[in-house]
Amino acid sequence: MASKASNKDPSKASSTARPSKALIKAIGRADLDRLRTVLHHICQNSEEANESVEEDLLMTDLYVGKSGRMKVKRQFSRYEECLRCRSEFDVTENDDLACTYHYGSLDVWDDFWADHDEDVHGTIDTDKMRENFPDGFVYSCCGESANANGCVYGRHEEEKDVEPRQQKRFKWQ
Ligand SMILES: [Zn+2]
Ligand SMILES: [Zn+2]
């Protein structure tokens, strides 16, 4: 099984474009959902753009077919979001030291909230509060606050795609 990320041969490019300054600025300002929509649109409308985006975002496992020719076994995303640290990582560069994360749970630190009445001031344990008051929460693994770097090393963990047949079995059990 050979994984490869092929770089496009520049001599094959049939046309090059030079985006205007205004376009570069607009790309910088658009949000992620809008850029995704635009990219989908480009891939649907241009074979060349589709190939180029595949080369940037996909990995391909190849095998030697009966004819002796290389065939595509499967294609998968080159970049994934780690379930542990929530950052994007390159699946070709994932090893035991790639990720730092907390293996414990993030708990409310009562001392910090001594004067906080939830009925008056609102719920303590929400995503927004964790973000705004990191010192009010501690990890059970190391006692560090919510914004502390991970306390152990490991591989980035990616979401596994579930095959349709497996999904069915889960439902029936
Ligand atoms: Zn920790
Ligand atoms: Zn990670």
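## A hairpin and a helix pair

Strands E2 and E3 form a hairpin with 5 residues between them, and glycine 68 in the turn has a positive phi of about 90°. This is a predicted model, in which local features need pLDDT of at least 70, side-chain atom pairs count only at pLDDT 80 or more, and totals for chains, interfaces and linings use all residues. Residues are numbered from 1 along each chain as its sequence is written, while chains are lettered from A and ligands numbered from 1 in the order in which they are written.

E2 (residues 58–64) runs antiparallel to E3, and 7 bridges join them; strands pair if DSSP finds at least two bridges between them. Across the pair, aspartate 61 stands opposite arginine 74 in E3. E3 (residues 70–77) is hardly covered, with 0 buried residues among its 8 (buried means 20 or more other C-beta atoms within 10 Å of a residue's own, C-beta atoms being placed from the backbone).

Now to the helices. H2 (residues 32–45) is 14 residues long and should span 20 Å at 1.5 Å a residue, which agrees with its end C-alpha atoms being 20 Å apart; the expected span is 1.5 Å times one less than the number of residues. H2 too is hardly covered, its count of buried residues being 0.

The axes of H2 and H3 (residues 47–57) come within 5 Å and cross at roughly 125°, so the two helices are oblique to each other (angles under 35 degrees count as roughly parallel, over 145 as roughly antiparallel, 65 to 115 as roughly perpendicular and the rest as oblique). Leu39, Ile42 and Cys43 of H2 meet Ala49, Asn50 and Val53 of H3 in this contact (C-beta atoms within 7 Å).

Terms used
A residue is buried if 20 or more other C-beta atoms lie within 10 Å of its own, exposed if 12 or fewer, and partly exposed in between; C-beta atoms are placed from the backbone. Helices (H or I, at least four residues) and strands (E, at least two) are DSSP runs, numbered from the N terminus. Axes are lines fitted to C-alpha atoms, for helices over the stretch in contact, and angles run from 0 to 180 degrees between N-to-C directions. Two residues are in contact if their C-beta atoms, placed from the backbone, lie within 7 Å.
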